[in-house]
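Me: I have a structure open on my screen and would like to learn how to read it, feature by feature. Could you walk me through it?

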Amino acid sequence: MRIATWNVNSVRQRLDHLLTWLRDCAPDIVCLQEIKCVDEAFPREAIEALGYNVITHGQKTFNGVALLSKYPLEEATPRLPGDDDDVHARFIEGVVSLKSGVVRVACLYLPNGNPVDTDKYPYKLKWMSRLQEFTRARLKTEEPLILAGDFNVIPAAADVHNPAAWANDALFKPETRESFQALLGLGLTDALRAVTDEPGQYTFWDYQAGAWQKNWGIRIDHLLLSPQAADRLVDVGIDKYVRAWEKPSDHVPVWIDLDLEAA
C-alpha cells in the first residue's frame, strides 16, 4: 500500500500536475494540503475518474486538506480535537479497512508560525500540543497509524541547506523542534529517517532567490508512523522531479510503501 503526502499549493491551479503525478506514482492513499478552496469547489470529478474516493475539509482561499483513497474511507473526521474555536481547515482523518484490522491516516497542515513575535507562533505550539494529545490517544488503539502532511517543522540541521539562515524561523526554532521530538517520543517513527541518514533530503524549495536551482531546500513534509505501521515499512520516496515542472508547487510529494493489504 502506497501512502503519499503533498502540499499542492492550490489544487485548482495545480490540477494537471496532480493528475499527472497520480498516474505516475499510483498511490493508494494521498494526503493533500493547502487545497485553498471550499469543499464544493474541489475538482473531485477528475480525481474520481482515476479511481479515487475523495473527502475534503476546505476553506476559502487559505489552508484546506483532502484525503484521496482507492479504497473506501470510513470514519472520516475533520478538525483536530482540542480547540473548538479553531476554524482553520488543517486536519482530516480517515480509516481504510485491511484484511486484518484497519489503517488510520491523518492528513495535517500544521501552522507555519511566522512571524514568531506575533500570536501565530503560540498558535503553532498549541496546535502541536493538541497533535500530541490526539496521537497519544490514537496510539492506545495499537492500529497502524500514519500522520502525514506539511508539518512546517525542520527537524534537524541535516534537513536544511543553511541552518544558520533559519535559526530564528518558526520552522526551526528550538521550541518547534523540541515539540516535534516530543511527538516522536510518544512512539512514532519518522519514515524517511528510518531508511536513510543522508542530508539533503528536501521536500520544499522557496520560489525566491533561485532556491530550487541551487538546491537550497528544507525538509518539512513528513510521514510519521505508529509502531504497527513502522513494522510494515518497505520504502520511502521523495518525488523531487515535480518541482521542475512549469508553475509547480513549492513542495514535492513524499510517499511510503507499507506491507499492508486492503480488505
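**Reading the model step by step**

Reply: Happy to! By the salt-bridge rule, the count here comes to 16 salt bridges. Keep in mind as we go that this is a predicted model.

Me: Let's begin there. Which side chain forms a salt bridge with arginine 104, and how far apart are the closest N and O atoms?

Reply: The partner of arginine 104 is glutamate 75, with 3.5 Å between the closest N and O atoms. Arginine 104 belongs to strand 7 and glutamate 75 to strand 5 (residues 74–78), so this pair ties together parts that are 29 residues apart in sequence. Arginine 104 is buried, its relative accessible area being 8%.

Me: Where do the two partners lie in the salt bridge of aspartate 159 with arginine 219?

Reply: First the contact: the closest N and O atoms of aspartate 159 and arginine 219 are 2.7 Å apart. Aspartate 159 sits in the loop between strand 8 (145–150) and helix 4 (174–185), and arginine 219 in the loop between strand 11 (217–218) and strand 12 (221–225), so that distant parts of the chain, 60 residues apart, are linked. Both aspartate 159 and arginine 219 are buried.

Me: Which residues do salt bridges with shared partners join into one network?

Reply: That network consists of Glu75, Glu93, Arg104, Arg138 and Glu143.

Me: On to sheets. What is the order of the strands in the open sheet?

Reply: The general idea is that strands of a sheet pair through backbone hydrogen bonds, either parallel or antiparallel. In this model, six strands form an open sheet in the order 5-6-7-8-12-9, and the pairing is mixed. Its edges are strand 5 and strand 9 (189–190), each of which pairs on one side only. Strand 5 runs antiparallel to strand 6 (residues 91–97), and three bridges join them. To find your place there, look for glutamate 74, which stands opposite valine 95 in strand 6.

Me: What packs on that sheet?

Reply: Helix 4 does, touching strand 8, strand 9 and strand 12. The direction of helix 4 makes about 30° with that of strand 12.

Me: How do I read the packing of helix 3 and helix 4, and at what angle do their axes cross?

Reply: Two packed helices are described by the angle between their axes and the distance between the axes. The axes of helix 3 and helix 4 come within 10 Å and cross at roughly 5°. Angles under 35 degrees count as roughly parallel, and helix 3 and helix 4 are therefore roughly parallel to each other. Residues making the contact include Tyr121, Leu125 and Met128 of helix 3 and Thr176, Phe180 and Leu183 of helix 4. By class, this contact of helix 3 with helix 4 has seven nonpolar, four polar and two charged residues.

Me: How many residues of strand 14 are buried?

Reply: Five of the five residues of strand 14 (residues 254–258) are buried, so the strand is largely enclosed by the rest of the structure. Val254, Ile256 and Leu258 point one way, while Trp255 and Asp257 point the other way. Strand 14 pairs in the antiparallel sense with strand 1 over four bridges, and isoleucine 3 stands opposite isoleucine 256. Strand 13 (residues 233–238) also pairs with strand 14 in the antiparallel sense, over five bridges. There, glycine 237 stands opposite tryptophan 255.

Me: Last, the backbone. Which two residues does a cis peptide bond join?

Reply: Asparagine 114 and proline 115, with omega about -5°. Proline 115 lies in the loop between strand 7 (102–109) and helix 3 (120–139). Look also at asparagine 9, a residue other than glycine whose phi is positive, near 55°. Asparagine 9 is in the loop between strand 1 (2–7) and helix 1 (15–25), and is buried at a relative accessible area of 8%. Alanine 26, likewise not a glycine, has a positive phi of about 50°. Alanine 26 is found in the loop between helix 1 and strand 2 (29–33), and is partly exposed, with a relative accessible area of 36%.

Definitions and conventions: Residues are numbered from 1 along each chain as its sequence is written. This is a predicted model: local features need pLDDT of at least 70, side-chain atom pairs count only at pLDDT 80 or more; totals for chains, interfaces and linings use all residues. Side-chain values use heavy atoms; hydrogens and water are left out. Helices (H or I, at least four residues) and strands (E, at least two) are DSSP runs, numbered from the N terminus. Buried means under 20% relative accessible area, exposed over 50%, partly exposed in between (1.4 Å probe, protein chains only). A salt bridge is a side-chain nitrogen of Lys or Arg within 4 Å of a carboxyl oxygen of Asp or Glu. Two strands pair if DSSP finds at least two bridges between them. Axes are lines fitted to C-alpha atoms, for helices over the stretch in contact, and angles run from 0 to 180 degrees between N-to-C directions. Angles under 35 degrees count as roughly parallel, over 145 as roughly antiparallel, 65 to 115 as roughly perpendicular and the rest as oblique. Contact means heavy atoms within 4.5 Å. Ala, Val, Leu, Ile, Met, Phe, Trp, Tyr, Cys and Pro count as nonpolar, Asp, Glu, Lys and Arg as charged, and the others, Gly among them, as polar.
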